[in-house]
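Hi,

Here is the structure I promised to pass on. Please have a look at it first; my notes on what turned up follow below.

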Amino acid sequence: MSRACLQTLGVLSLWWFVASAMAQSTEYVMYKDPEQPVAARVKDLLSRMTLEEKIGQMTQIDRTVATYDFMRTYSIGSVLSGGGSTPLPEASAEDWVNMINDYQNGSLSSRLGIPMIYGIDAVHGHNNVYNATIFPHNIGLGATRDPDLVKKIGAATALEVRATGIPYVFAPCIAVCRDPRWGRCYESYSENEEIVRQMTEIIPGLQGDIPSDSRKGVPYVGGKNKVAACAKHFVGDGGTTKGINENNTVVDMHGLLSIHMPAYTDAIIKGVSTVMVSYSSWNGEKMHANRDLVTGFLKDTLNFKGFVISDWQGIDRITSPPHANYTYSVEAGILAGIDMVMVPFNFTEFIDDLTNLVKEEVIPMDRIDDAVERILFVKFTMGLFESPMADLSLVSELGSQAHRELAREAVRKTLVLLKNGKNETDPLLPLPKKPKKILVAGSHADNLGYQCGGWTINWQGFSGNKYTRGTTILSAIKSTVDLSTEVVYQETPGKDFVKYTDFDYAIVVVGEHPYAETAGDSMTLTMADPGPTTITNVCEAVKCVVIVVSGRPLMIEPYISSIDALVAAWLPGTEGQGVADVLFGDYGFNGKLPRTWFKSVDQLPMNFGDSHYDPLFPFDFGLKTESVPGLVARATSFGTDWRPHPLMVTACLAISLYSAGYRWRAPKVKLIW
């Protein structure tokens, strides 16, 4: 063959190769077309996936084991941050965005380029993240009886979560806590299912309002400023015997459906994207293995179309001890209807076991396809395929002043006044702002970690004022009273010191130390030492208001007679200024007990309507006060050590007087040169 022919063939071959490559690169791929219906995109993508890729999508792993290569090789469906799992200490929004994009790049480089979805516990604001706004825990929000406020909190939380590049939150907890001995009771809005139902308004706050023509049960996430939510923990987690975490809920079907299930119906109607299964059992059967409730009721009866996710190592705990027969746990969990498994570490074991179970036809392929369809449906619905990468456009939303002011408003509305004066004619609250000298005492007065509670920065919370930004109750008091007032702070004052010092009144702030989950289970519900001693030393010597910072009612009955005023502040979060706002009368008390306050733990469980109902303070109780206008400027939420400069107060006072109609005239003076 001549050289000319060879050259011609070479050119033709090269042309054919280039043309083929171009044809492949421009080949129409339906699942990548945002103009196509979501269902069609899901069907097209599913048809292209191997078994390995499908099982990868069903796998959620912790960020500590995630790598670019693992995301690409295994087509991992989701990554999460467990409690306290952060890119680095005091990580900025930019640090979070960069970390998440690294994982996402791995996912997008896989054969089909399916984006992963990053999830995090944002249960009272973006609580793992340094400098985020920490809102009151759910028990306090239940005291507000204000679904609109809760919806606004959901929207603010969504913005702060998105600011760090995260599109998915494991919230809200819609448990109905029936026994305060449970260590997760503060994650529950109320002992009353109707209040919990009202508070599901946080879901459209997080996700956006569903379109008017949306079908029931279909997930909805309204754009890049919103996040996918997760209703948890399905179902009955708040009803376990003696409040023991992850234990057994003994109740008939009527009780389950009338108390623990209604909020799930509301969540699904509002378009919740995912549902997390509970560690607990129902009448002896582990919820992670309960096909009748997960598939039969949640998916079939309630018509839930999002995906069901396990809790952290949830399928491991199907057996006792956990992980005793992992292959069985995988089988039982997936057949029950769990779509995504929060593994979270040894993901190759999960992938291998599930792959073998499918190949051996123990788990049918249509169960795998159902799970993956649901996961892909949520990802397509929330626009993850069109906008998989996080950016820095919302970083200013993290801990923004607007969100802190919203949290401060929430704190004001959560406060429940239980006692006000030793008789009705001599109320102590609201406190005067211009006394000569006051005492502030107690372990919780100047401790940001204590007032935030568990699930803050770390899983179990923290102690002190170093780990995030906010305003302690002590700082709030100092910034509210008149500058001429001497504020004396002693955490544990002695009886004689209080007795022989001329205090006008005292504010005692006591409660529980932070905890989460099983670590918070308590059979005694006593306040942390030296709280009782502090109450006794102070309140027997001077007029006092006691503020209880706790995730639930505590034993207070033995001290009630010595206390002049008693306030339940729950776990208010970072904006302690909201406590002072109400304490000193800028706003009135309006909160109502979201749960019964018992006299003795021997009465528990005791809920409104029980035959043995004999509380110290009943469900729905709360004294009211009116706001008292004053000239002292209301403080703004700042850091823990902030106090207004005298010139700032003078300026604010001048503005107030000017607004009221007062005009200052310069005196006539004779100038001497």
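In α20, the buried residues are Gly531, Pro532, Thr534, Ile535, Asn537, Val538 and Cys539, where buried means under 20% relative accessible area, exposed over 50% and partly exposed in between (1.4 Å probe, protein chains only). Helices (H or I, at least four residues) and strands (E, at least two) are DSSP runs, numbered from the N terminus. Because seven of the nine residues of α20 (residues 531–539) are buried, this helix is largely enclosed by the rest of the structure. Its cover includes β13 (437–441), α19 (495–499), β15 (505–511) and β16 (544–549), with contact taken as heavy atoms within 4.5 Å.

Before you go further, please keep in mind that this is a predicted model, in which local features need pLDDT of at least 70 and side-chain atom pairs count only at pLDDT 80 or more, while totals for chains, interfaces and linings use all residues. Residues are numbered from 1 along each chain as its sequence is written, and side-chain values use heavy atoms, with hydrogens and water left out.

**The chain as a whole**

The chain has 22 helices and 17 strands. Of its 673 residues, 58% count as buried. Among contacts with a separation of 6 or more, 77% are between residues 24 or more positions apart. The accessible surface of the chain is about 26800 Å², and carbon and sulfur atoms hold 54% of that; the areas come from the Shrake-Rupley method with a 1.4 Å probe, and for residues only the protein chains shown count as cover.

The largest nonpolar core has 121 residues, and Phe234 and Leu354 have the most contacts inside it. A nonpolar core here is a set of buried Ala, Val, Leu, Ile, Met, Phe, Trp, Tyr and Cys residues joined through side-chain atoms within 4.5 Å. Leaving aside neighbours within four places in sequence, the contacts of Phe234 include Met261, Tyr264, Val275, Met287 and Leu298. A second, separate core of 66 residues includes Leu429, Ile507, Val548 and Leu593.

Helix α7 (residues 147–163) has 17 residues and reaches 24 Å from its first C-alpha to its last, close to the 24 Å expected at 1.5 Å a residue; the expected span is 1.5 Å times one less than the number of residues. Twelve of the 17 residues of α7 are buried, so this helix too is largely enclosed by the rest of the structure. Among the buried ones are Leu149, Ile153, Glu160 and Arg162. The cover over them includes α5, α6 (138–144), β4 (168–169), α9 (202–207) and α16 (401–414). Just after α7, Gly165 takes a positive phi of about 85°.

The largest cavity is lined by 19 residues, with Ala122, Val123, His124, Asn138 and Ile202 nearest its centre. The largest share of that lining, three residues, comes from α7, and α6, α7 and α9 each supply at least two.

**Backbone spots to check**

Most residues other than glycine have a negative phi, and most peptide bonds are trans.

- The peptide bond from Ala171 to Pro172 is cis, with omega near 10°; Pro172 sits in the loop between β4 and α8 (193–198).
- Lys232 and His233 are also joined by a cis peptide bond, with omega about 0°, and His233 is in strand β5 (residues 230–234).
- Ile457 has a positive phi near 65° and is buried at 12% relative accessibility.
- Asp620 has a positive phi near 80° and is partly exposed, with a relative accessible area of 36%.

Definitions and conventions:
On a 1 Å grid over the protein atoms alone, a cavity is a set of points where a 1.4 Å probe fits but cannot get out, and a pocket is an open set with protein on both sides within 12 Å along at least five of seven lines; lining residues have an atom within 4 Å of a point.
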